[in-house]
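Please keep the sequence and the model at hand while reading.

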Amino acid sequence: MPKPQKHVFVCVQNRPQGHPRPACSHKAAPEVAEEFFWQLQQRQLFDKVQVSTTSCLGPCSEGPSVLVYPEGIMYAGVGKDDVAEIFDQHLQNDQPVERLLVSKEFWG
Ligand code: FES
């Protein structure tokens with residue numbers, strides 16, 4: 001397997017009802033992850049981009065959270081409709097989507 005140029009981590013953390021911290025899975029993160037996998041397949045970028053689901057990335061209150069390496073760019077509040085833009089601008093053209101960057105308060 002070739003080393004990917006970009007590795008995308010999509011938080012799909014779940015938590016029990018009543019837990020003091022929010023969870024990305026309660027905010028449609030599984031649908032966001034599914035869209036990343038769908039876009040990856042549609043664009044046939046398997047040798048350049050790897051997508052992995054993951055547990056908590058930290059800024060739970062801002063989720064769904066998505067982290068892209070090697071840059072260490074964290075996106076917050078990512079929705080299914082944002083995924084194509086992340087592919088177009090960031091994953092394929094190295095221009096992070098500014099409007100989705102998490103606040104430096106959470107990742108700075
Ligand atoms: S639950 Fe997703 S960032 Fe913590």
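Asp94 has 10 C-beta neighbours inside 10 Å, so Asp94 is exposed. The model is a predicted one. Its largest nonpolar core has 23 residues, and strand S1 is largely enclosed by the rest of the structure, because five of its six residues are buried.

**Nonpolar core**

- Val10, Ala29, Val32, Phe36 and Val66 touch the most other members of the 23-residue core.
- At least two core residues come from each of these elements: strand S1 (6–11), helix H1 (29–43), strand S3 (66–69), strand S4 (73–75) and helix H2 (83–91).
- In soluble globular proteins, nonpolar side chains tend to be buried together.
- Beyond the residues up to four places away in sequence, Phe36 touches Val8, Val10, Val51 and Val83.

- Val66 belongs to strand S3, and it is buried because 28 other C-beta atoms lie within 10 Å.
- Val66 and Val10 are 56 residues apart along the chain, yet their C-alpha atoms are separated by 4.7 Å.
- Neighbours within four places in sequence aside, the contacts of Val66 are Val8, Phe9, Val10, Tyr75 and Val78.
- Tyr75 sits in strand S4 and counts as buried, with 26 C-beta neighbours inside 10 Å.
- With its neighbours within four places in sequence left aside, Tyr75 is in contact with Ser65, Val66, Ile86, Val97, Leu100, Leu101 and Val102.
- From Tyr75 to Ala33 the C-alpha to C-alpha distance is 13 Å, and the two are 42 residues apart in sequence.

**Strand pairing**

- S1 runs parallel to strand S2 (residues 49–54), and six bridges join the two.
- The chain passes from S1 through H1 to S2, a β-α-β crossover that is right-handed.
- S1 runs antiparallel to S3, and four bridges join them.
- Tyr69 in S3 stands opposite His7.

**Helix H1**

- H1 has 15 residues, which at 1.5 Å a residue should span 21 Å; the end C-alpha atoms are 21 Å apart, which agrees.
- Ala29, Val32, Ala33, Glu35 and Phe36 are the buried residues of H1.
- Seen down the axis of H1, these buried residues fall within an arc of 160°, so they line one face of the helix.
- That buried set packs against S1, S2 and H2.
- Gln41 and Gln42 are exposed residues on the face of H1 turned away from its buried side.

**Helix H2**

- Val83, Ile86, Phe87 and Leu91 are the buried residues of H2.
- Down the axis of H2, its buried residues lie within an arc of 100°, so they line one face of the helix.
- S1, H1, S2 and S4 are among the elements that cover the buried residues of H2.

**Cis peptide bonds**

- Gly63 and Pro64 are joined by a cis peptide bond, with omega about 0°; Pro64 is in the loop between S2 and S3.
- A cis peptide bond also runs from Tyr69 to Pro70, with omega near 20°; Pro70 is in the loop between S3 and S4.

**Residues with positive phi**

- Ala28 is not a glycine, yet its phi is positive, near 70°.
- Ala28 lies in the loop between S1 and H1, and it is partly exposed, with 16 other C-beta atoms within 10 Å.
- Gln44, which follows H1, has a positive phi near 50°.
- Asp94 lies in the segment after H2 and has a positive phi of about 55°, although it is not a glycine.

How values were computed: Residues are numbered from 1 along each chain as its sequence is written. This is a predicted model: local features need pLDDT of at least 70, side-chain atom pairs count only at pLDDT 80 or more; totals for chains, interfaces and linings use all residues. A nonpolar core is a set of buried Ala, Val, Leu, Ile, Met, Phe, Trp, Tyr and Cys residues joined through C-beta atoms within 7 Å. A residue is buried if 20 or more other C-beta atoms lie within 10 Å of its own, exposed if 12 or fewer, and partly exposed in between; C-beta atoms are placed from the backbone. Two residues are in contact if their C-beta atoms, placed from the backbone, lie within 7 Å. Two strands pair if DSSP finds at least two bridges between them. A crossover is right-handed if, with the strands pointing away from the viewer, the path from the first strand over the helix to the second runs clockwise. The expected span of a helix is 1.5 Å times one less than its number of residues. The arc is that of the directions from the helix axis to the C-beta atoms.
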